[in-house]
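This report describes selected local features of one protein model. Please view the sequence and the structure together before reading on.

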Amino acid sequence: MSTIDSVLTENRVFPPADAFVGQANISGRAAYDAMCAEATNDPENFWARLARENLSWATPFTRTLDESQAPFYKWFDDGTLNVSWNCLDRHLENGNADKTAIIFERDDGTSERVTYRALHARVAQFANGIAALGYKKGDRAIIYLPMSIEAVVAMQACARLGVIHSVVFGGFSAKSLQERIADVGATLVITADEQVRGGKTIPLKPAVDEAFSMGGCDAVTNVIVYRRTGGNVAWNEGRDRWMHDVTAGQPETAPAVPVEAEHPLFILYTSGSTGKPKGVQHASAGFLLWAQLTVKWTFDLKPDDVFWCTADVGWITGHTYIAYGPLAAGATQVIFEGVPTYPNAGRFWDMIARHKVSIFYTAPTAIRSLIKAADNQPDHHPDKYDLSSLRLIGSVGEPINPEAWMWYYKNVGGERCPIVDTWWQTETGGHMITPLPGVTPLKPGSCTLPLPGIAAAIVDETGGDVELGKGGFLVVKRPWPAMIRTIWGDPERFKKSYYPEELGGTYYLAGDGANRDTDGYFWIMGRIDDVLNVSGHRLGTMEVESALVAHPLVAEAAVVGRPDDLTGEAVVAFVVLKQERPDGEEAKAIAKTLREWVGREIGPIAKPKEIRFGDNLPKTRSGKIMRRLLRVVAKGETVTQDVSTLENPAILDQLGKAL
């Protein structure tokens, strides 16, 4: 584990403004310390109190935490509730029925507002429609939809019935979709004819049809299609149904089925260090509690805020901070269909100004691309827009480098908005380490301190605590309600991946390397396994390697990441072909073919930014590919490590030549 001294010695510190502290939901360091002490001294009562205060229960729980089958922890497991009821119905009873729930802006700039009353009615109609088709608690549904009100309606309708949903990002390929349909055992698919992004239409229903042609989807009895564009799609009369036909004539009220607290709310697939994606399983009560709490704590949500998270619902950020957390907290939120640079680089800033957004949450990748765009399109620099409605801004998906943080702070936040630089994962369900805007002095590039109740620590290879300033493995020492429950269908992989015996089998291993400075602030240093973080999206290197090797031209491939100013990390592939090593225009043509192949096999996000061809790969005499050396080569650095164990050390010089 290396340290990152240039960041750890960061001396720019931005204390919270007194005015912000005075109105914050968690106000001042003493309040934070008191909550942390309560959580440390009596964790079960701490979580029980929060669960009773923040969730509406059908059957109150009497047992907070069951550790008898650790690490398969159970929270509030003798209680029952309904997630959709907590997100919608209770707002009809507390006087917020006519409050705007969603401001939806389409790619073309037109928008629609939906109140909590209207959203409740749409969810009820769709829930009634799929119930009429025979779907019930415990069934699994794949949701493959564009960013839309309909995506939220579909997720909430499933939750209302106890149907377990698995959302697949609309940018994923038919093959990725087929793998998830088969693995989760879905009997229902909810999709759209097409999606619209950046002025272009992208087919979705055809990808579903292609997935079905690959096999393994025979359990699916219905495909429900949202008509987004009216584009022509192939139709299977016995299987396919329009969403508007499914909801037509259905009542605008529907029973909210009480489910056990541990009933799976959703399964979301995330990349692992082996080729097969992992189905991360989240429980209903624990996930919802943390989603709601972190919206209130991290974002300091107030009743009159307009919240905008720019993520897609295909990722965990869109689950926690679009589909569930803001609705459970009774927020007004913006949902956006398009991309930040269409029709120009001012799209985000224009939307903030028009919709009076007060809390803005986006990814470092978007920030970096908009820094570059602002330089190229000065008329669309943030300073050309009225961003005075903003009071808090946030960052999610990957560490944000200090200079991008400073640009964001000055040009978007006007040096008055605290930045909440949030560290968390698909598996954690919500924020884990983040500044609290009324508590934490900010350091550019640091996610700062754990939230109350989160026992984060940095340990060595044996699970022992490391001293401040030393790098190590980021772990969480105690369970928390929103944590992953298991990997769908693979409990042994869950234990091996997240609770390795090498660390004692009791610590949750995040898979990130981290450091902690003398103020106790956490700095995330990147993945410790072979998972890449490209634009905030996790990609397993084995997934990309497997896709490359599946191409008839490829004999062998090794994939690593290298730092990238725009995407955070870029995919670099080292490829050995079944023919002689190409060069010149032939090499460029083959590289283009392989990029497009990977895009079809996995999705555009996985396309290697660079492909280098070699006669072979650096291997030990036992045949192990030395990826750590390839990472050095990919960065353009000189290999200084001992290469005496390599069978073919000269290959490093060959692979060091970029295409």
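With the side chain of which arginine does the side chain of aspartate 305 make a polar contact? The partner is arginine 391, at 2.8 Å; a polar contact is a pair of N or O atoms within 3.5 Å, where, within protein, one must be able to donate a hydrogen and the other to accept it, and residues adjacent in sequence count only if both atoms are side-chain atoms.

The model is predicted, so local features need pLDDT of at least 70 and side-chain atom pairs count only at pLDDT 80 or more, while totals for chains, interfaces and linings use all residues. Residues are numbered from 1 along each chain as its sequence is written, and side-chain values use heavy atoms, with hydrogens and water left out.

Aspartate 305 is placed in the loop between helix 11 (284-298) and strand 16 (306-309). Helices (H or I, at least four residues) and strands (E, at least two) are DSSP runs, numbered from the N terminus. The relative accessible area of aspartate 305 is 3%, so the residue is buried; buried means under 20% relative accessible area, exposed over 50%, and partly exposed in between (1.4 Å probe, protein chains only). Leaving aside residues up to four places away in sequence, aspartate 305 touches Asp300, Thr332, Ser358, Ile359 and Arg391, where contact means heavy atoms within 4.5 Å.

**Helix pairs**

Two packed helices are described by the angle between their axes and the distance between the axes. Axes are lines fitted to C-alpha atoms, for helices over the stretch in contact, and angles run from 0 to 180 degrees between N-to-C directions. The table gives two such pairs.

| Helices | Angle | Axis distance |
|---|---|---|
| Helix 5 (residues 83-93) and helix 6 (residues 116-132) | roughly 135 degrees | within 9 Å |
| Helix 17 (residues 541-549) and helix 18 (residues 584-601) | about 120 degrees | 9 Å |

Helix 17 is therefore oblique to helix 18; angles under 35 degrees count as roughly parallel, over 145 as roughly antiparallel, 65 to 115 as roughly perpendicular and the rest as oblique. Helix 5 and helix 6 are likewise oblique to each other.

The crossing of helix 5 and helix 6 is left-handed, whereas that of helix 17 and helix 18 is right-handed. A crossing is left-handed if the near helix is turned anticlockwise from the far one by less than a right angle, and right-handed if clockwise. In the second pair, Val544, Ala547 and Leu548 of helix 17 meet Leu594, Trp597, Val598 and Glu601 of helix 18.

Helix 5 has eleven residues, of which eight are buried, so it is largely enclosed by the rest of the structure. Among the buried residues are Cys87, Leu88 and Asp89. At the start of helix 5, a side-chain oxygen of asparagine 82 reaches to within 2.9 Å of the backbone nitrogen of serine 84. Just after helix 5, glycine 95 takes a positive phi of about 90 degrees.

**Strand pairing**

Strands of a sheet pair through backbone hydrogen bonds, either parallel or antiparallel. Two strands pair here if DSSP finds at least two bridges between them. Strand 4 (residues 100-105) and strand 5 (residues 111-115) run antiparallel and are joined by five bridges. Glutamate 105 has serine 111 in strand 5 as its bridge partner. The two strands form a hairpin with five residues between them, and glycine 109 in the turn has a positive phi of about 95 degrees.

Is alanine 192 buried or exposed? Alanine 192 lies in strand 8 (residues 188-192) and is buried, with a relative accessible area of 0%. Alanine 132, in helix 6, counts as exposed at 61% relative accessibility.
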